[in-house]
Amino acid sequence: MSLTSKLTLAASVVTTACIIGYVHLKQATDQDNLHEGVLRDIERQQRRKLENTYTLQKQIDLTKQLKRVEREAEHNPKESV
């Protein structure tokens, strides 16, 4: 084999190895980014669930308070006028 063909083969092997390494690294990075996205989505869903639970509890408390005020108004009609 001539020196030129040996250098061409070596350059091809090195280039191929670099491309394969880059693609592997890129895939691993992309997979990590996708996993982080899933974790952020789960955290966001949990925050929304807590906010919705808090809002629902406030609505329940306000409903109870309104019913209590209405009951008191029914029992004491003179004071509410």
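The protein, described here from a predicted model, has 2 helices and 0 strands, where helices (H or I, at least four residues) and strands (E, at least two) are DSSP runs numbered from the N terminus. The radius of gyration, taken over C-alpha atoms, is 35 Å, well over the 12 Å that the globule rule gives for 81 residues, so the protein is more spread out than a compact globule; the rule itself is 2.2 Å times the number of residues to the power 0.38. Along its principal axes, the C-alpha trace spans about 115 × 15 × 5 Å. Residues are numbered from 1 along each chain as its sequence is written, and side-chain values use heavy atoms, with hydrogens and water left out.

The accessible surface, computed by the Shrake-Rupley method with a 1.4 Å probe and, for residues, with only the protein chains shown as cover, comes to about 7800 Å², of which 60% belongs to carbon and sulfur atoms.

Helix H1 covers residues 3–75 and includes Leu9, which is partly exposed at 47% relative accessibility. Together with Met1 and Val13, Leu9 forms a nonpolar surface patch with about 350 Å² of accessible area. Patches are made of residues with over 30% relative accessible area and no salt bridge, with like charges joined within 9 Å and nonpolar side chains (Val, Leu, Ile, Met, Phe, Trp, Tyr) within 5 Å.

Side chains of opposite charge can pair when their charged atoms come close. The structure holds 2 salt bridges, each defined as a side-chain nitrogen of Lys or Arg within 4 Å of a carboxyl oxygen of Asp or Glu. In one of them, Asp30 meets Lys26 at 3.5 Å, N to O; these residues are 4 apart in helix H1, and are therefore separated by about one helical turn. Asp30 is partly exposed at 32% relative accessibility, as is Lys26 at 40%. Asp41 and Arg44 are likewise joined, at 2.9 Å, N to O, and, being 3 residues apart in helix H1, are separated by about one helical turn.

Definitions and conventions
This is a predicted model: local features need pLDDT of at least 70, side-chain atom pairs count only at pLDDT 80 or more; totals for chains, interfaces and linings use all residues. Buried means under 20% relative accessible area, exposed over 50%, partly exposed in between (1.4 Å probe, protein chains only).
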